[in-house]
Amino acid sequence: MRFDPPLEEGRLLRRYKRFLADIETPAGEVLCIHCPNTGSMLNCMAEGGRIWFSRSSDPRRKLPGTWELSETPQGRLACVNTARANPLVEEALRAGLIVELDGFTTLRREVRYGVENSRVDFCLDYPGGAAFVEVKSVTLGFADSPVAAFPDARTERGARHLRELAALARQGVRAVQLYCVNLSGIAAVRPAAEIDPGYAQALREAVAAGVEVLAYSAELSPASIRLTRRLEVWP
């Protein structure tokens with residue numbers, strides 16, 4: 001996934017009201033841009049830290065740009081735009097880079113499933129049946145540790161998706177939780193039980209039910225993002 005044009009650099013002044021961020025460009029331009037992240041962005045940002053944003057020329061937009069990347073206090077790069085995760089995974093799926101899910105004949109997005117009024121991110125059709133794939137964007141890292149964690153805030157929606165996947169797995173349907181690790185310098189992923197014990201418990205129950213858990217890391221730069229390799233997942 002290439003950024004066209006490449007992202008512009010700025011300095012974070014503050015994030016507020018969840019979806020707004022004030023930044024300053026190297027030229028001294030102060031902008032209010034969109035922050036496309038519903039989480040806490042824990043350990044992803046620091047006032048005065050470097051960020052990269054995409055600028056919009058659409059006159060209908062209220063804000064002139066979108067926050068895309070952040071330099072974390074630990075010196076990593078994080079893609080804070082959670083809307084990038086699904087297109088990034090789809091690009092990797094179609095290129096055959098996620099080998100565990102290769103060989104599908106049809107890819108469908110946002111397919112309704114389950115009993116809790118859910119939509120699965122991807123439904124992949126194979127000659128032997130379908131696979132239901134939920135994607136989560138991981139950006140929570142810690143100093144002096146190569147292990148990232150999910151989630152960065154309590155997520156009942158995330159736990160619900162795991163329950164839905166577990167129900168499918170118990171019925172013999174292939175169900176996959178895929179963590180898209182949008183954070184550099186990471187070797188493994190774990191559930192953030194210290195932040196959301198309910199999600200961690202739901203993940204353990206999903207694995208026990210037969211849900212497959214995968215994690216793939218992204219290579220990040222202001223020019224592009226791409227999935228590169230599989231990571232370990234710690235229970």
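The model is predicted: local features need pLDDT of at least 70, side-chain atom pairs count only at pLDDT 80 or more, and totals for chains, interfaces and linings use all residues. Residues are numbered from 1 along each chain as its sequence is written, and side-chain values use heavy atoms, with hydrogens and water left out.

Start with the domains. Domain 1 covers 8–74 and domain 2 covers 82–233. These bounds come from an automatic or database domain assignment. Taken over C-alpha atoms, the two centres lie 26 Å apart.

Now look at where the domains meet. 13 residues of domain 1 are in contact with 15 residues of domain 2; contact means heavy atoms within 4.5 Å. Together the domains bury about 990 Å², with 57% of it on carbon and sulfur atoms. Buried area here is the accessible area (1.4 Å probe) that two parts lose on being put together, summed over both.

Polar links also cross this interface. Five residue pairs are in polar contact, both residues at pLDDT 80 or more. A polar contact is a pair of N or O atoms within 3.5 Å; within protein, one must be able to donate a hydrogen and the other to accept it, and residues adjacent in sequence count only if both atoms are side-chain atoms. There is one salt bridge between domain 1 and domain 2. A salt bridge is a side-chain nitrogen of Lys or Arg within 4 Å of a carboxyl oxygen of Asp or Glu. Glutamate 68 and arginine 84 form a salt bridge, with their closest N and O atoms 2.9 Å apart.

The whole structure holds 18 salt bridges. Side chains of opposite charge can pair when their charged atoms come close. Aspartate 22 pairs with arginine 14 at 3.1 Å between the closest N and O atoms. Aspartate 22 is buried, at 15% relative accessibility, whereas arginine 14 is partly exposed at 40%. Buried means under 20% relative accessible area, exposed over 50%, and partly exposed in between (1.4 Å probe, protein chains only).

Next, find glutamate 29. Its salt bridge with arginine 55 has closest N and O atoms 3.2 Å apart. Glu8 joins Glu29 and Arg55 in a network of salt bridges.

Finish at arginine 94, which forms a salt bridge with glutamate 90 (3.0 Å, N to O). Arginine 94 is exposed at 52% relative accessibility, while glutamate 90 is buried at 13%.
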